[in-house]
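These are my notebook entries on one structure. I set down what I looked up, entry by entry.

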Amino acid sequence: QSALTQPASVSGSPGQSITISCTGTSSDVGGYNYVSWYQQHPGKAPKLMIYDVNNRPSGVSNRFSGSKSGNTASLTISGLQAEDEADYSCSSYTSSSTPWVFGGGTKLTVL
Amino acid sequence: QITLKESGPTLVKSTQTLTLTCTFSGFSLITSEVGVGWIRQPPGKALEWLALIYWNDDKRFSPSLKSRLTISKDTFKNQVVLTMTNMDPVDTATYYCVLRQRSSSGWSNYFVYWGQGTLVTVSS
């Protein structure tokens, strides 16, 4: 069981928007603005999409955005494109004995 | 351009020791305030942080695996080596090498640079 909870799957049609949630505790997601999101295509390494809750690295489309409310962080992808189909994992800094924890991943299907 | 690449055996037997090497370029573990670490991902499962070594030789380990892990660096070869003892089939995973950087706003709590990963299978 992962430290952070994500839905196993989400889906949407091209052009639509989807949101993926990531629920933790006050020791991780709720306690720090250090939530990040990674996109992972099959057989590939994770790619950073969002860091520190709502910041996009250079080169990442502005269709990707992040937010947080309490112990739950969210990744929103607007204007869905076929290339967005991938697994998405959240991560957070944590005050527990291990510095970073991850979610179990959410498979995004573009219909 | 920063790159990291993992190397090591693709298959190990239960109880054996795994040794993985991360060879990097584009930064130095001598003069840069950086850290190189390892994250693994069992097939179809979540990512798991394992260990990190900093430029000043400070080391951090996942508490659940600390007794089995060793991490070291060879600054002249631009390599970081992770060893994991007493391997078990549950340790079957893709092992990634990652870079942790420090900026003007402090240490990052995210990983921009990842290696391509290396799949290690543990047979029983």
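How many salt bridges are there between chain B and chain A? I find a count of zero, a salt bridge being a side-chain nitrogen of Lys or Arg within 4 Å of a carboxyl oxygen of Asp or Glu.

I note that this is a predicted model, in which local features need pLDDT of at least 70, side-chain atom pairs count only at pLDDT 80 or more, and totals for chains, interfaces and linings use all residues. Residues are numbered from 1 along each chain as its sequence is written, chains are lettered from A and ligands numbered from 1 in the order in which they are written, and side-chain values use heavy atoms, without hydrogens and water.

Interface. I read a buried area of about 1600 Å² between chain B and chain A, 65% of it on carbon and sulfur atoms; this is the accessible area (1.4 Å probe) that the two parts lose on being put together, summed over both. Strand 5 (48-54) of chain B is one of the strands that each supply at least two residues of the side touching chain A. Strand 5 of chain B gives the largest share of that side, four residues. Strands are DSSP runs of E, at least two residues, numbered from the N terminus.

Ser89(A). I located Ser89(A) in strand 7 (residues 86-93) of chain A. Beyond its neighbours within four places in sequence, its contacts (heavy atoms within 4.5 Å) include Trp37(A), Tyr38(A) and Leu47(B).
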